[in-house]
Protein chains: 4
Amino acid sequence: MADLGNEHLVQSEDPEHPANLIPRLCKQFYTLGWVTGTGGGTSIRKDEHVYIAPSGVQKELMKSENMFVLKYPTPKYPPSARQYIRKPLDLKPSACTPLFLAAFERGAGCCIHTHSQWAVLVTLLVEKLFGRKACFEISNIEQIKGIPKGPGKGMLGFHDTLRIPIIENTPFEEDLTEFLEKAMEQYPDTYAVLVRRHGIYVWGDNVAKAKTQCESLDYLFQLAVEMHKLGLPWT
Amino acid sequence: MADLGNEHLVQSEDPEHPANLIPRLCKQFYTLGWVTGTGGGTSIRKDEHVYIAPSGVQKELMKSENMFVLKYPTPKYPPSARQYIRKPLDLKPSACTPLFLAAFERGAGCCIHTHSQWAVLVTLLVEKLFGRKACFEISNIEQIKGIPKGPGKGMLGFHDTLRIPIIENTPFEEDLTEFLEKAMEQYPDTYAVLVRRHGIYVWGDNVAKAKTQCESLDYLFQLAVEMHKLGLPWT
Amino acid sequence: MADLGNEHLVQSEDPEHPANLIPRLCKQFYTLGWVTGTGGGTSIRKDEHVYIAPSGVQKELMKSENMFVLKYPTPKYPPSARQYIRKPLDLKPSACTPLFLAAFERGAGCCIHTHSQWAVLVTLLVEKLFGRKACFEISNIEQIKGIPKGPGKGMLGFHDTLRIPIIENTPFEEDLTEFLEKAMEQYPDTYAVLVRRHGIYVWGDNVAKAKTQCESLDYLFQLAVEMHKLGLPWT
Amino acid sequence: MADLGNEHLVQSEDPEHPANLIPRLCKQFYTLGWVTGTGGGTSIRKDEHVYIAPSGVQKELMKSENMFVLKYPTPKYPPSARQYIRKPLDLKPSACTPLFLAAFERGAGCCIHTHSQWAVLVTLLVEKLFGRKACFEISNIEQIKGIPKGPGKGMLGFHDTLRIPIIENTPFEEDLTEFLEKAMEQYPDTYAVLVRRHGIYVWGDNVAKAKTQCESLDYLFQLAVEMHKLGLPWT
């Protein structure tokens, strides 16, 4: 693998720079149990650059210099223009990369992938209770108001039903891309897609939105599992 | 929105100053799972000022300069005198503000609002087990002694029954105020009101009391959920 | 309350000095969920002094200067000689004090009192399953080896049965003393006594032993509750 | 016990040196609930030295100078050449030592032993559901991909079945060695062995692999227990 240089892309004193922010987020996500054992991932788009955490690195030990950077021109450029412009020589790019890019195509500024057990359990419960074609649905819980109704449509209301599509897992993570994109088409208002027996992809207009939406969803999944244990219906 | 100035109201070297204390408390509450995804809130009254955490900010990243400050004169002044005297221009005031003020009307020095899942589950279990009109009741648990009997009445005893009223949630948080105030009238000794499918409001004479009462209640809600799973009655 | 002076008793640069160690332990116990809402307490005996955390202080904010110190001469002196020699003027001594002293009478160097929910749930399950007279019993779990067989008898073996007596709670904590002492007589090998619907008292020859025994017991209580949920017997 | 000297073996400025890394890992494992009450242990092989955390020390307080060091020559040397070359005079070597060495015999660079409650519960559930001879099996969960197929065989795939052998516990930890070695022979591809009613031994080619494999397994055990509670099968 050739050294692409461009070290300056991951060197910044600004704590909010993606190369500094991704390691901080990964550490926090580790504490939340979202990225156990190097699972999961995070990516941030800033202007025409996409920063991606590498594959196989312990999330709580991630460093700025571990970041991959992808040239991501404005939509008028073809996808083929999206090439790595900074690669750590000793690391592998995340298999989630094409999935993150699918979110950026929809205008996201940040995409988070977790292996949260609550997300996994919810995909299993939905299949058991409502069948393989069903999505996750919950309503009349205040925390739903932390999730947008859809791009430019404001936030969900208390009585609205939150719907998160569920796609089947594939042996290779990159093969999920096609199904993720289909789910995005079928649910144009969603900011998240659950992956059965795997976890979830959550995105948002910026880092704060992606992260708080991911937290609100995880809260709702945990609540849903506990509600099910107590014989309480979700809708 | 006009800049009201008054920056000095949120600038203090004293770690116990409300503008420093609210961010510290919010960070701690985040760790406790009470304010996930910008949910929940905290407010402190100090002399004739009420400090309120803003809406929509990640609770573990809250800063002193994010605080709203409200002029809150002694009771002889009309409520109309209660106006913001410091507003961060880029933030929205918390929708919980009128609910916090209802607690301050009762003499509270601090009010905490959480989205604790234990609180939400307890409101659902009470409805299922005892109906919509029922309040949460528990007795004969040592931790009950961490909750006051009522203003000026000392703490609950081990054999006393703790009763926390439950109000129904409304689509807009500010619309809860009327129901919260009714519950306060109906349960004049309570220091907390549960909101079905939403969370809880807890207040106290000062920050330490509001916080430790909130902790004791959350402990009791978690215990009650676990007791129910194990077939153990609450009273 | 007269100022007893003796400030030097709580001033030390040594992090292992009881006045520094108790705040550090209390903070750690707070994180473990053992001392929520100012519940629980900790006491250390060092030579002829007993250090006790005060009542009503938030455990994660405890400071050295909050400590009470009791003169605790060697056993030949009458209990009446056991008097406070250092009192913070603005704080109340812990209601657990006579219970801690009962442990020191048995030669303990440290005594910990927690409100752990696992301890409370175990006392309720034992009552439901085996009646009010039963103690908690568990065997054939490796962690049992973290608990001593009795003073001077080494540690329990894997196949041994751990037995922890359970006493009924009383409205006033100090009234527990008599029942705690009876349980200590009836179970002369125990290093812990459970209090129904309340928590547990655990002691040890020194701080490290009291703390690790408390951790091992809490581990076993949590495991026992989970085992019961899964239909797995304790012995 | 004679002072063997060799203090330089545990003195290094390098945070990645085993004598610094083991304390850091132990502290992290304490937070994960894996080494409660001095249970569990960790060992790292570096070149011809094996570093082992001592017995009976609180894991979150472990220090570099607490480490035992064993001379561990290349395989052509007889096991009798494996002798301590550094011993803290006031501490006892870990009873897990022969079990760690069994992993190093198989080429491991690091071995972790936890008392995780999820591991213990899984061993009890497997016995109850499938009998004493059964191993733990799970498939079709993404996190399985965090576990290797076997030495030099790459990682397990999503549809592969993860199998972890379970051995019975013995009263003395060192007596487990024979059964651990038998399980290693019977399951030549495994990187972990569960011990019924006790915990797990997990090893890896290096520290990062041992740790992340241990995390992935613990995740799967927790998920398996929760799946069982919800009536969801493991395979």
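**Exercise 1.** How many residues of chain A are in contact with how many residues of chain B?

*Solution.* Start with the ground rules. This is a predicted model, in which local features need pLDDT of at least 70, side-chain atom pairs count only at pLDDT 80 or more, and totals for chains, interfaces and linings use all residues. Residues are numbered from 1 along each chain as its sequence is written, chains are lettered from A in the order in which they are written, and side-chain values use heavy atoms, without hydrogens and water.

Now count contacts (heavy atoms within 4.5 Å). Chain A brings 24 residues and chain B brings 24 residues.

**Exercise 2.** Find the area buried between chain A and chain B.

*Solution.* Buried area is the accessible area (1.4 Å probe) that two parts lose on being put together, summed over both. Here it is about 2,200 Å². Carbon and sulfur atoms give 56% of that area. On chain A, Glu142(A), Tyr219(A) and Leu230(A) supply 29% of what the chain buries against chain B, more than any other three residues.

**Exercise 3.** Count the salt bridges between chain A and chain B, and describe one.

*Solution.* Look for a side-chain nitrogen of Lys or Arg within 4 Å of a carboxyl oxygen of Asp or Glu. The count is two. One of them joins Lys229(B) to Glu226(A), with the closest N and O atoms 2.8 Å apart.

**Exercise 4.** Which chains do not touch chain A or chain B?

*Solution.* Take chain A: chain C does not touch it, and their nearest C-alpha atoms are 12 Å apart. Take chain B: chain D does not touch it, and their nearest C-alpha atoms are 12 Å apart.
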